[in-house]
Amino acid sequence: MAAHRKRPQRPLSGHTVRTAATLALAGAATATAFDGTGHAEPQLTPAQVKAKVETLYREAEAATEKYNGAKEEADAGQRRLSALQDETARKQTRLNAAREALGSIAAAQYRDGGIDPAWQLALSSDPDRYLDGAAFAERAGDRQAAAVSRVRQQLREIERLRGAARVEVRSLRSRQAELRRQKRTVTGKLDEARRLLARLTPPQRTEITGADGTSARASRSGTGARQPLERPGSAAPTSHAAVAVAYAYSKLGSPYVWGATGPNAFDCSGLVQAAYRSAGISLPRTTYAQINAGRRVSRSELQPGDLVFFYSGISHVGIYVGGGQMIHAPNPSAPVRLAPIDQMPFAGAARVE
């Protein structure tokens with residue numbers, strides 16, 4: 001009977017009890033998570049959503065300007081590469097023609113058998129005629145040497161062009177990789193902003209996307225909003241500034257599309273570039289290049305047509321139209337609109353002259 005007696009159980013220590021309780025709580029938490037009731041996304045208030053969406057839009061706009069700059073550089077690189085390839089093809093054609101000419105000379109020499117000129121003179125039935133021919137052949141030999149030199153020079157030039165093209169291809173691939181990276185950044189932030197806005201009711205979304213009140217008539221009245229009905233401030237100081245302002249007014253209500261430069265959709269720097277393009281002036285593509293495209297002016301000196309820039313990274317731009325107002329392309333949730341320039345941190349202004 002003693003062999004079958006149960007061994008006495010040791011009392012649980014405090015450490016063991018704590019460990020068991022911890023494991024039990026972890027198991028309960030895991031079960032709750034699998035039931036779909038754990039780790040729920042925090043419910044944000046409309047004010048919190050607004051703040052987060054505005055931050056995402058600013059970050060997306062900064063990435064958009066980097067994308068625009070990378071695209072501008074990639075396009076220029078592609079043009080340089082195409083020019084190198086065209087020049088290489090032209091020089092290759094000339095090289096092929098020179099090689100064919102040298103081939104003809106070599107074939108003629110082979111047909112002549114390469115006989116020593118002294119023997120040709122001795123065996124010639126008409127020495128005088130041969131001597132005339134020999135002089136011609138000597139001159140032809142000089143021309144042949146010059147042709148060989150030209151071919152060698154052309155070969156070196158083609159190799160130089162091909163080397164430059166290889167460098168340009170590597171640079172272009174790097175810029176294209178940067179384009180893809182910035183595109184992923186932009187689309188990721190815009191997608192997150194859309195998800196946040198989708199949590200709200202339609203009135204709450206309207207309050208966020210139309211909070212400044214200045215866009216209501218532009219976004220609601222459709223085609224009519226594109227007419228320059230309410231132009232604040234004084235006239236533009238120059239004819240090209242006036243044309244740019246008129247163009248901006250004509251695009252009120254146009255949708256914001258990142259990377260777009262018109263004529264039917266724009267991002268912020270794309271609208272500015274298109275407006276001045278309509279006035280015959282070519283501006284750079286990005287905000288951080290556009291601010292250096294004209295003479296810097298202070299906020300107190302602003303005149304219609306001036307470019308106004310915002311945020312410390314110079315990531316947003318609009319066209320000043322007077323009366324403390326600008327026309328700009330804000331973000332994907334709002335069309336091209338009128339807005340006060342004091343609704344964003346002012347970073348500087350430039351006058352295109």
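Biologist: Hi! What stands opposite V308 in β3?
Modeller: That's G318. Strands here are DSSP E runs of at least two residues, numbered from the N terminus. This is a predicted model, where local features need pLDDT of at least 70, side-chain atom pairs count only at pLDDT 80 or more, and totals for chains, interfaces and linings use all residues. Residues are numbered from 1 along each chain as its sequence is written, and side-chain values use heavy atoms, leaving out hydrogens and water.

Biologist: Thanks! How many bridges pair β2 with β3?
Modeller: Four, in the antiparallel sense; two strands count as paired if DSSP finds at least two bridges between them.

Biologist: Which way do the β2 side chains point, and are they buried or exposed?
Modeller: L307 and F309 point one way, V308 and F310 the other, and all are buried, meaning under 20% relative accessible area with a 1.4 Å probe, protein chains only. In a regular strand, side chains alternate between the two faces of the sheet.

Biologist: Zooming out, what is the strand order in the sheet?
Modeller: The open sheet has six strands, β1-β6-β2-β3-β4-β5, with antiparallel pairing. β1 (295-297) and β5 (337-340) are at the edges with a single partner strand each, so one side of each has no neighbour in the sheet.

Biologist: Last one: what is the bridge partner of Q325 in β5?
Modeller: P340. Four bridges join β4 (residues 325-328) to β5, and these strands run antiparallel.

Terms used: Buried < 20%, exposed > 50% of the residue type's maximum accessible area, 1.4 Å probe, protein only.
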